[in-house]
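Here is a short briefing on one protein model. Keep the structure open while reading.

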Amino acid sequence: MTNQAVTLWIPGLLDHFKPDQQAWWSGSAFQTLLNKADVYPLKPYSFIERASQLFHQPQTLSAAATMASVELADFDPQAFWLKVDPVQMIPDRDTLVLVSAQDLDITQVESQALLDAFNQHFAEDGVKLEWGANDSWYMRLPQAVDLQTTDLAQANYRNLHGLYPSGHAGSYWRTLMNEVQMLFYQHPVNLARRELGQAEINSVWVWGEGQIKLDTIQMRPQAKIWGHHAYLKGLANLAQAQFQKTPSDHQAWCLDRTQQAHLITLDLKPLMEPDTETTDNQLLLKLEKDWMQGLLEDLKQARIHSLFIDLGDTKGFLIEPSHLRRFWRRWRNPLKS
């Protein structure tokens, strides 16, 4: 087991991380791991870009094509793929603010009804949506188009000025998005939502364009991705790696860790206590108990040969068993610039 390399990725953790204000920080496994590590600069990539990078891909795999490979039964790797996801657009002075479908609680009936309305309306244009999930729609095109878009996660809750599709095909897709707003506005789904005081599903966001080029994918049959995101599952699928949902804690992970390399992605939302307001301190203490203590012990016992920690910022932390002997770094705070 000593030939195992582990990457622990916790996107967005630093939004909750104030070590100078936490009584638990001094002497914690978390502090030890970060203090002893070699620190590497990271570019402020999006979730999609960072996932490809952490899984050692030479280039970022298209979000639409990668996710379609696991969400659509008849996925075609030769097609050019787009994500055309349902969203809410909220007027904000002279522009709009986007709210992604993940925050709209769209039911399958609502999602399918709006998708069907889209396909009927745009049938003459020769474009058609395909249903992947309630909040995940796709479009396949027979050939590539000149289109540059903004990742949905980067557009979420943002003023959309300057974020709309660009490129030679950009004007068509901007027009389509405007037309969808008019189409969806009077749709029975939104009429019912307005009656109930629910957020409307009144537009789509086009993003994630691209094709799968199999000859550029770094195959990793001895690796495993742990996560919940469809992109991570697609990334593992295309790279011939294994995929499994993130386990509840380090102990559960130890029950199935036979692969040589592991990318463990921790989503913070499931870690928050349901129906309660979990404080930052409680969240960090849970991470300390559930993951950091066990991973530190793995390094001490040389059960893994390296651990790379990515907290979703511009620094990565690489720790090897020999690094734990760096006694002179006891009071170092690597999170400060």
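**Helix packing and cores**

Helix α1 (residues 29–36) and helix α11 (residues 280–300) have axes that come within 8 Å and cross at roughly 50 degrees. The model is predicted.

**The α1–α11 contact**

- The crossing of these two helices, α1 and α11, is left-handed.
- From α1, the contact uses Ala29, Phe30, Thr32 and Leu33.
- From α11, the contact uses Glu288, Met292, Gln293, Leu296 and Leu299.
- Sorted by class, the contact of α1 with α11 has 6 nonpolar, 2 polar and 1 charged residues.

**How α1 is covered**

- Helix α1 is mostly covered, with 7 of its 8 residues buried.
- The buried residues of α1 are Ala29, Phe30, Gln31, Leu33, Leu34, Asn35 and Lys36.
- What do the buried residues of α1 pack against? They pack against β2 (38–41), α11, β11 (306–310) and β12 (315–319).

**Nonpolar cores**

- In soluble globular proteins, nonpolar side chains tend to be buried together.
- The largest nonpolar core here has 70 residues.
- Trp81, Leu82, Met139, Trp173 and Trp205 have the most contacts inside that core.
- A second, separate core has 31 residues and includes Ile10, Phe30, Leu33 and Ala37.
- Two of these, Phe30 and Leu33, also take part in the contact of α1 with α11.
- Leucine 82 is in contact with Ala64, Trp137, Tyr138, Met139, Leu141, Leu147, Trp173, Val206, Trp207 and Glu209, leaving aside neighbours within four places in sequence.

**Glutamine 88**

- Glutamine 88 sits in strand β3 (residues 80–92).
- Its relative accessible area is 13%, under the 20% cut-off, so glutamine 88 is buried.
- Beyond residues up to four places away in sequence, glutamine 88 touches Val97, Leu98, Val99, Leu104, Ala199, Glu200 and Asn202.

**Positive phi in loops**

- Most residues other than glycine have a negative phi.
- Glutamine 240 is not a glycine, yet its phi is positive, near 60 degrees.
- Glutamine 240 is found in the loop between α8 (230–238) and β9 (242–244).
- Is glutamine 240 buried or exposed? Glutamine 240 counts as exposed because its relative accessibility is 51%, and the cut-off is over 50%.
- Alanine 302 also is not a glycine and has a positive phi, of about 55 degrees.
- Alanine 302 lies in the loop between α11 and β11.
- With a relative accessible area of 32%, alanine 302 is partly exposed.

**Aspartate 313**

- Where does aspartate 313 lie? Aspartate 313 is in the loop between β11 and β12.
- Those two strands, β11 and β12, are among the elements that the buried residues of α1 pack against.
- Aspartate 313 touches Leu14, Leu42 and Arg50, not counting residues up to four places away in sequence.
- Aspartate 313 and alanine 144 are 169 residues apart in sequence. From C-alpha to C-alpha, aspartate 313 and alanine 144 are 33 Å apart in space.

Definitions and conventions:
Residues are numbered from 1 along each chain as its sequence is written. This is a predicted model: local features need pLDDT of at least 70, side-chain atom pairs count only at pLDDT 80 or more; totals for chains, interfaces and linings use all residues. Side-chain values use heavy atoms; hydrogens and water are left out. A nonpolar core is a set of buried Ala, Val, Leu, Ile, Met, Phe, Trp, Tyr and Cys residues joined through side-chain atoms within 4.5 Å. Buried means under 20% relative accessible area, exposed over 50%, partly exposed in between (1.4 Å probe, protein chains only). Contact means heavy atoms within 4.5 Å. Axes are lines fitted to C-alpha atoms, for helices over the stretch in contact, and angles run from 0 to 180 degrees between N-to-C directions. Helices (H or I, at least four residues) and strands (E, at least two) are DSSP runs, numbered from the N terminus. A crossing is left-handed if the near helix is turned anticlockwise from the far one by less than a right angle, and right-handed if clockwise. Ala, Val, Leu, Ile, Met, Phe, Trp, Tyr, Cys and Pro count as nonpolar, Asp, Glu, Lys and Arg as charged, and the others, Gly among them, as polar.
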